[in-house]
Amino acid sequence: MNSPQDSSRPQAPVPQQVSLVAEARVPTEHGTFTMKLFKEEPSGLEHVALVMGNVKGSALVRVHSECMTGDVFGSLRCDCGPQLHFALDEIGKQGSGIVLYLRQEGRGIGLINKLKAYALQDEGLDTVEANLRLGFPADLRNFEVAAQMLSQLGVDSVRLMTNNPRKVATLEKHGVKVVERVPVRSQSQSENHHYLATKALKLGHHMDWLPEYIPPKSEDDGPSKLG
Ligand SMILES: [Zn+2]
């Protein structure tokens, strides 16, 4: 039987299906892309694939989750904006590749809850603790939909621009071969320092160009130097 659920919170994952519903040419400062819009059912979410050039073979791919504050407004609280623009720039330079822009704001908790989490972070919690305090997992994002979109684009092998080992694992689990992980070298500054440290130390992101953010190899490695 169904247990009562707070309708403002994301529900448990249900099998979803994406279908291509519209596409158009979108010239950008990084070059000309074809924007392909996929609709996910039953959620109705509209995900975007920005595709440039020939993407057969091992395409350069970024799987990017929507972050209005970072992507649009240049928020310094996270590194989403620079990561997105790095990816678009690399694809532009190479003349081919794909950015999948997934509409799962705030690591999947939505904009309202992301802002609530930011307020908690300003009281001293880190990004993971804030999500947990609000009753969410650390990361609610679903990357299976990315594998479905790649499949429909005829792409079964990618060079993935990410620091996040979970994205690599999820794509591989759903039939996309990740032949290379291309690091996205976010820079640390005072506003995002704690956020980047938390991603490295609690969510296992690779940031070995910032030596202080190398995740512990095991539970036994002791407490974080970052406090
Ligand atoms: Zn962000």
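These are my notebook entries on what I looked up in the predicted model above.

**Ground rules**

I number residues from 1 along each chain as its sequence is written. Since the model is predicted, I require a pLDDT of at least 70 for local features and count side-chain atom pairs only at pLDDT 80 or more, whereas totals for chains, interfaces and linings use all residues.

**Overall layout**

I listed the secondary structure and found seven helices and seven strands, where helices (H or I, at least four residues) and strands (E, at least two) are DSSP runs numbered from the N terminus. Along the sequence I read the pattern β-β-β-β-α-α-β-α-α-α-β-α-β-α. I then looked up burial, and 34% of the 227 residues count as buried; buried takes 20 or more other C-beta atoms within 10 Å of a residue's own, exposed 12 or fewer, and partly exposed lies in between, with C-beta atoms placed from the backbone. For contacts (C-beta atoms, placed from the backbone, within 7 Å), I noted that residues 24 or more positions apart account for 59% of those with a separation of 6 or more.

**Strand 3 and its partners**

I turned to strand 3 (residues 46-52), which is largely enclosed by the rest of the structure, because six of its seven residues are buried. I checked its pairing, for which DSSP has to find at least two bridges between two strands. Strand 2 (residues 31-41) pairs with strand 3 in the antiparallel sense over six bridges, and Thr34 has Val51 as its bridge partner in strand 3. Four residues lie between the strands of this hairpin, where Gly44 takes a positive phi near 80°. Strand 5 (residues 97-102) also runs antiparallel to strand 3, joined by five bridges, and I found Val48 opposite Tyr101 of strand 5.

**Nonpolar cores**

I next searched for nonpolar cores, meaning sets of buried Ala, Val, Leu, Ile, Met, Phe, Trp, Tyr and Cys residues joined through C-beta atoms within 7 Å. The largest has 38 residues, of which Ala49, Val61, Ile98, Leu100, Ala146 and Met149 touch the most other members. Among the elements that each supply at least two residues of this core I noted strand 4 (59-65), helix 5 (144-152) and helix 6 (165-173). For Ile98, leaving aside neighbours within four places in sequence, I listed contacts with Ala49, Leu50, Val51, Val55, Ala59, Val61, Leu153 and Val155. A second, separate core of five residues includes Leu196, Ala197, Ala200 and Met207.

Just after helix 7, Gly204 takes a positive phi of about 75°.

Helix 3 (residues 110-121) has buried residues at Asn113, Lys114 and Ala117. They line one face of the helix, because they fall within an arc of 105° seen down its axis, the arc being that of the directions from the helix axis to the C-beta atoms. Ile112, Leu115 and Ala119 are exposed on the other side of helix 3, while what covers the buried residues includes helix 4 (127-133).

**Gly81**

Last, I looked up Gly81, which is found in helix 2 and is partly exposed, with 18 other C-beta atoms within 10 Å. Not counting residues up to four places away in sequence, Gly81 touches Gly70, Asp71 and Gly74. Cys67 is 14 residues from Gly81 in sequence and 7.9 Å away in space, C-alpha to C-alpha.

Definitions and conventions: Two residues are in contact if their C-beta atoms, placed from the backbone, lie within 7 Å.
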